[in-house]
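Welcome, and please have the sequence and the 3D view open side by side.

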Amino acid sequence: VKFLGKTTEVRRLLCMSDLFLLTSENESFGLVALEAMAAKVPVISTNAGGIPEVNVHGVTGYLASPGAIEEMATYSLSLLQDDEKLAQFKQQAFEHAKKFSIEKIVPMYEAAYEKALMAIWYSCLRHDFMLFSSRKKLCAIFLCLAENKDIYPPIRFVLYPSFCKNS
């Protein structure tokens, strides 16, 4: 283990790594794990937050509960002591990372935004007013859309109180 401090050579360092440890107690998505996998580095991580979406237990690395240091150490040693298994996990990590490529993710977001716009349009038709005819109606549409649980990935809107006042 080497502690290198702050660096701009992350990709280069990942390519020289055998394992990537992500011991976060909270993690929204695990982008850093995905970056490691794209560099063919298996990930030993916690199962916190969105990490399990990225790191597949027994395929791209291993998952453990936050704080389960001995379990993570056991998983790490099982990979480091078996060259064939390590090579397999490296390749599987790389292949799984491809599923998150821009060519695959952008169309998903476009579809989500199209669905969101259609929800706004139909909401306007249902409420019999013109699209974006006033800030007050726009706020109501955005709030309605933000509550729509059928939209994936969820779309977040930030509406400042001053925007919705005196409309």
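The report below goes from the overall layout to the side chains.

## The overall layout

Please keep in mind that this is a predicted model. The protein chain has eight helices and three strands.

How much of the chain is buried? Of the 167 residues, 31% count as buried. The protein chain exposes about 11,300 Å², and carbon and sulfur atoms supply 58% of that area. Taking contacts between residues at least 6 apart in sequence, 47% join residues at least 24 apart.

## An aromatic cluster

A search of the whole structure finds three aromatic pairs. One of them joins tyrosine 62 and tyrosine 75, whose rings are stacked, with 4.3 Å centre to centre and 10° between the planes. Tyrosine 62 belongs to strand β3 (residues 61-64) and tyrosine 75 to helix α4 (residues 69-80), so this pair ties together parts that are 13 residues apart in sequence. Are these two tyrosines buried or exposed? Tyrosine 62 is buried, at a relative accessible area of 9%, and tyrosine 75 also counts as buried, at 18% relative accessibility.

Tyrosine 62 has another ring partner, phenylalanine 89, in a pair that is tilted, with 5.3 Å centre to centre and 35° between the planes. Because tyrosine 62 lies in strand β3 and phenylalanine 89 in helix α5 (residues 83-98), this pair ties together parts that are 27 residues apart in sequence. Phenylalanine 89 is buried, with a relative accessible area of 3%. Ring pairs therefore link Tyr62, Tyr75 and Phe89 into a cluster, given that ring centres within 6.5 Å count as paired.

## A lysine over a ring

Another ring to look at is that of phenylalanine 94. Which residue lies over the face of phenylalanine 94? Lysine 40 does, at 4.9 Å from the ring centre.

## Salt bridges

Side chains of opposite charge can pair when their charged atoms come close. In this structure there are three salt bridges. One of them joins glutamate 9 and arginine 12, with the closest N and O atoms 3.4 Å apart. Glutamate 9 counts as partly exposed at 37% relative accessibility, whereas arginine 12 counts as exposed at 54%.

Aspartate 18 and lysine 90 also meet through their side chains in a salt bridge, at 3.7 Å from N to O. Aspartate 18 lies in the loop between α1 (10-15) and β1 (20-22), while lysine 90 is in helix α5, so the pair ties together parts that are 72 residues apart in sequence. Aspartate 18 counts as partly exposed, at 40% relative accessibility, and lysine 90 is likewise partly exposed, at 22%.

Glutamate 95 forms a salt bridge with lysine 98, and their closest N and O atoms are 3.4 Å apart. What separates glutamate 95 and lysine 98 along helix α5? About one helical turn, because they are three residues apart in that helix. Glutamate 95 is partly exposed, with a relative accessible area of 36%, and lysine 98 counts as partly exposed at 39%.

For a last stop, find threonine 60 in the loop between α3 (51-54) and β3. Is threonine 60 buried or exposed? Threonine 60 is buried, with a relative accessible area of 0%.

The side chain of threonine 60 makes a polar contact of 2.7 Å with the side chain of asparagine 55. Which residues are in contact with threonine 60, leaving aside its neighbours within four places in sequence? They are Met37, Pro42, Val43, Val54, Asn55, Phe89, Gln92, Ala93 and His96. Phe89 in that list is also part of the ring cluster with Tyr62 and Tyr75.

Definitions and conventions: Residues numbered from 1 in each chain as written. Predicted model: local features only at pLDDT ≥ 70, side-chain atom pairs only at ≥ 80, totals over all residues. Heavy atoms only, no water. Phe/Tyr/Trp six-rings, centres within 6.5 Å; stacked < 30°, edge-to-face > 60°. Helix = DSSP H or I, 4+ residues; strand = E, 2+ residues; numbered from the N terminus. Buried < 20%, exposed > 50% of the residue type's maximum accessible area, 1.4 Å probe, protein only. Lys NZ or Arg CZ within 6 Å of the ring centre and 35° of its normal. Contact = heavy atoms within 4.5 Å. Areas by Shrake-Rupley, 256 points an atom, 1.4 Å probe, with all protein chains shown as cover. Salt bridge = Lys/Arg side-chain N within 4 Å of Asp/Glu carboxyl O. Polar contact = N/O pair within 3.5 Å; in protein donor to acceptor, adjacent residues only side chain to side chain.
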